[in-house]
Amino acid sequence: MRYQAGNMPRPCDIVFCFKPNQGKHIDGFAESFVQALEDQTTAERAKYPATYQPPKPEDILINDAAAQRISQTVYKWRNSLSTAEGIQLPQATTWARSKHLCPHTSNISECRSADDPAREEEQDDGYIFGCPCALPFKERKASAFMRRRIYPDCYTFYEANRACFFHMELVKTLLLHGETDTVLRACSDPAIKDEYARWHSKGECNCMPQTLGWDMVYKFALEAYLVLNIIKVFPALWEPAPRGKKRNNTPGALREADYRNTAMYQYMLGLVTMDITTPATVLPHQEFFGVPDRHFSDCFRFPADIAVKYPVFRKFVKDDKATGWAAGTGTEAKKSGYVAAYKFPYGHLPFNRFLNLEETVPHLPSSQDIAQVTLILYAKRLPTELVIPILKLADYDTPRRRLPIPHDPLHAQNRNELNKYLELCWNLLVRYNLLAQELGEEIDWKGMIFNALRRHVGRPPRWELYKIRYRRNPERNEYHFLNDKRQTTHVAYASSC
Ligand SMILES: [Zn+2]
Ligand SMILES: [Zn+2]
């Protein structure tokens, strides 16, 4: 691979060199990656009992210590879901940093059973959260793990599956925090196991993007892990400029050749922090990269003037009326750009312009910022009852950024956080591989690695990284990709098509 400076019409990117042995090298890399992942998964599984006693509905599966460890994360994504379109989960009102567990251990109505006729009539799961705690006590019981998803009509997914979806976000949170034992114990119940397998790759319904399942977690973790590790191989793109070269000493300022200007980095950043309405999936990425919730989505909107300086954007600029964005009628037609994320010309804009394209990223508080502000408030002799709501109103009640130097993960002062993040991404791959094995599901890691490389690393037009074998069904004029184990589906090779 090599760095390609961005000059029209080519984007700034890291591209394949297409050397004679490249195919073999890529194949070897994918093989050893998957082998390491399988070895680590085996070692991880050995840490837990080989078999578990299936839980009874009244058993507490999430113990107090685990509940305390995960409750801040639950608080964050639950409040994100409270304003999300469709689901509108009730907001949690307990303070995020409180160590108190939900005290509401009785007298809370339970979720109706799946065969309750009232449920179908109402198109509602009949679930009542019942208390304002981020993690209600009843959600820690095995009975909450036993909910089953209902197959609703279009656009009624959340009405019918609010509680079920809440639980799946909770499972993702448990795995995020390494509470694998709890998930494995739940999986010893055949019905729960069956339900979790059905959540592998899921959307609101078959006609909508399949972005709500747990596959999104390992897919995003793999994208971030690969891209950041590839960039690490190119110190010239992130080390401070050597003496004599043009330097900008502001922390996080762009270098002359900077990894953040590459199509590879921008694509990955937009993808892993994107609003896909499964906040437990994107939260760790948003916090690491310092990108707020719903900043990136599956489409970009931008001011039309950008196309003057960057002509590659011209074809996406349209009348607001044509794009459906016009606020009123009879006014002079305004123009703006609108493009789906998968068609966006990444690597053509300098990073700061890309990051703040639609809206400027606000300052997100780190834990150090919060500690400092809290100290200032207490120094003013304010009582805790006032300090808490002030911090809450200012969105300073939970840390929302991890990097000391924002928006420059490879900056020397961010190295500690970068290493922790890469470790988390790798651990997520291991934990989800373990979950898949437990559920009898298969993950095509090698295919995913090839696809990620193909997507992220640039290549000249008409050159392909590997060949996908397929069989054509002439009767239905359909193409079937060969996934059969006896065939080698993904053959890395480097040549022009
Ligand atoms: Zn409660
Ligand atoms: Zn539908």
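I took helices (H or I, at least four residues) and strands (E, at least two) as DSSP runs, numbered from the N terminus. On that basis I counted 17 helices and 9 strands in the protein chain. The model is a predicted one.

**Entry: whole chain**

I looked up burial first. Of the 497 residues in the protein chain, 35% count as buried. I then looked at contacts between residues at least 6 apart in sequence, and found that 68% of them join residues at least 24 apart.

**Entry: H2 against H10**

I described this pair by axis angle and axis distance. Helix H2 (residues 64–82) packs with helix H10 (residues 279–289) at an angle of about 115°, and the axes are 10 Å apart. Because 65 to 115 degrees counts as roughly perpendicular, I logged H2 as roughly perpendicular to H10. The crossing of the two helices, H2 and H10, is right-handed.

I also listed which residues meet. From H2 they are Thr-73, Lys-76, Trp-77, Ser-80 and Leu-81, and from H10 they are Pro-279, Ala-280 and Leu-283.

**Entry: a sheet of three strands**

I traced an open sheet of 3 strands in the order E3-E5-E4, with antiparallel pairing. Strand E3 (299–303) and strand E4 (317–319) are the edge strands, each pairing on one side only. On average, neighbouring strands of this sheet are turned by 40° against each other, direction ignored.

I checked the pairing of E4 in detail. E4 and strand E5 (residues 335–340) run antiparallel and are joined by 3 bridges. I noted one partner by name: Lys-318 has Ser-336 in E5 as its bridge partner.

**Entry: Thr-374**

I located Thr-374 in helix H14 (residues 367–379). Is Thr-374 buried, exposed or partly exposed? I found 18 C-beta neighbours inside 10 Å, so Thr-374 counts as partly exposed; a residue needs 20 or more to be buried.

Setting aside neighbours within four places in sequence, I found Thr-374 in contact with Val-387 and Leu-391. I also took the C-alpha to C-alpha distance from Thr-374 to Asp-397, which is 9.4 Å for residues 23 apart in sequence.

**Entry: H17**

I tested the length of helix H17 (residues 445–456).

Which residues of H17 are buried? I listed Met-448, Ile-449, Phe-450, Leu-453 and His-456.

Note on methods. Residues are numbered from 1 along each chain as its sequence is written. Chains are lettered from A and ligands numbered from 1 in the order in which they are written. This is a predicted model: local features need pLDDT of at least 70, side-chain atom pairs count only at pLDDT 80 or more; totals for chains, interfaces and linings use all residues. A residue is buried if 20 or more other C-beta atoms lie within 10 Å of its own, exposed if 12 or fewer, and partly exposed in between; C-beta atoms are placed from the backbone. Two strands pair if DSSP finds at least two bridges between them. Axes are lines fitted to C-alpha atoms, for helices over the stretch in contact, and angles run from 0 to 180 degrees between N-to-C directions. Two residues are in contact if their C-beta atoms, placed from the backbone, lie within 7 Å. Angles under 35 degrees count as roughly parallel, over 145 as roughly antiparallel, 65 to 115 as roughly perpendicular and the rest as oblique. A crossing is left-handed if the near helix is turned anticlockwise from the far one by less than a right angle, and right-handed if clockwise.
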